[in-house]
Amino acid sequence: MLVLAAVPDLQAARLRRAAAGRFALARAVAWDEALETIRRRPVEVAVVDPLLAGEARAHEIQRLRVLFPSLPLILYTTLTPRTAAVLLQLGQCGLEHVVFARYDDHPARLREVLAQEEVRSTSRRLLDQLAVALAGLPGELRWVLAEALRAPDEVQTVGQAVARARIDRRRWERWLTRLALPSPRHFLAAARVLYAHRLLQDPGFTIDDVAKRLGYAQTRTLQLHARAYLGLTAGEMRFSLSPDEAVERVTRRFLKPQAHAARRLSIS
């Protein structure tokens, strides 16, 4: 999981220590850079400090909240008279998860906070939503799907997917055939379209942003996939389908194992 660290140097160093081995960190030293990082890279959680620009300000964090309401935000700052009023203001916007530097930011505590927020990340919520529909899949296939959603910019091809999930490509293909599922290429493309749809629910993302964030070489390819798997353009799917409807449409047509195939698999 990629974590945005829009915090001063000292907090960034402690975050890096806490994230080691489990989370990747993307550093931003200015608010414009933080915004650009969210739009271009697969950030799942943002850790932000109202003091990033030197002056305690709520405006930039409120802006992130409005543009990316689905992005979990953690406030990581120093408790001072300057920040107290800002924290109160942000709390009224629903931002309640606060870690104070030099008080409760031991690496173990920071790691715990990141893990708690991970469950609210876009990829985790989408995986949870798909869990019922894909319950008939073997663990290897669910793992491939999870990796494709956790690192969509790094899992662009079938070869990358099997390498990351550490499964044999022919084994994967045999599983899909026996379950009457589409090819590995279609399997991954359908998952990426669902992820794109989920991101487009946030007003801060343009279609170009989402295409770049998910690693599409051209926005046109995202448009083609949106039509193929949802029957809509990327712009239409943004406003025409709820997340539940998008998942149902894709899983019904492409990802859900056929009942007869699942029964045959269980018997064999």
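Over which residues does pLDDT stay under 50? In this predicted model, that stretch is residues 259-268, for which there are 10 contacts (heavy atoms within 4.5 Å) beyond four places in sequence. pLDDT is the predictor's confidence in each residue, on a scale from 0 to 100. Where pLDDT is low, the predicted coordinates should not be read in detail. Helix H15 (residues 259-267) has the lowest confidence in the chain, with a mean of 40, while helix H2 (residues 31-40) sits at the other end with 93. Across the chain the average is 81, and 91% of the residues reach at least 70.

Turning to the fold, the chain has 15 helices and 5 strands, assigned as DSSP runs (H or I over at least four residues for helices, E over at least two for strands) and numbered from the N terminus. Along the principal axes, the C-alpha atoms fill a box of roughly 65 × 40 × 30 Å.

Of the contacts with a separation of 6 or more, 65% join residues 24 or more positions apart.

Residues are numbered from 1 along each chain as its sequence is written. Side-chain values use heavy atoms, with hydrogens and water left out.

Note on methods. This is a predicted model: local features need pLDDT of at least 70, side-chain atom pairs count only at pLDDT 80 or more; totals for chains, interfaces and linings use all residues.
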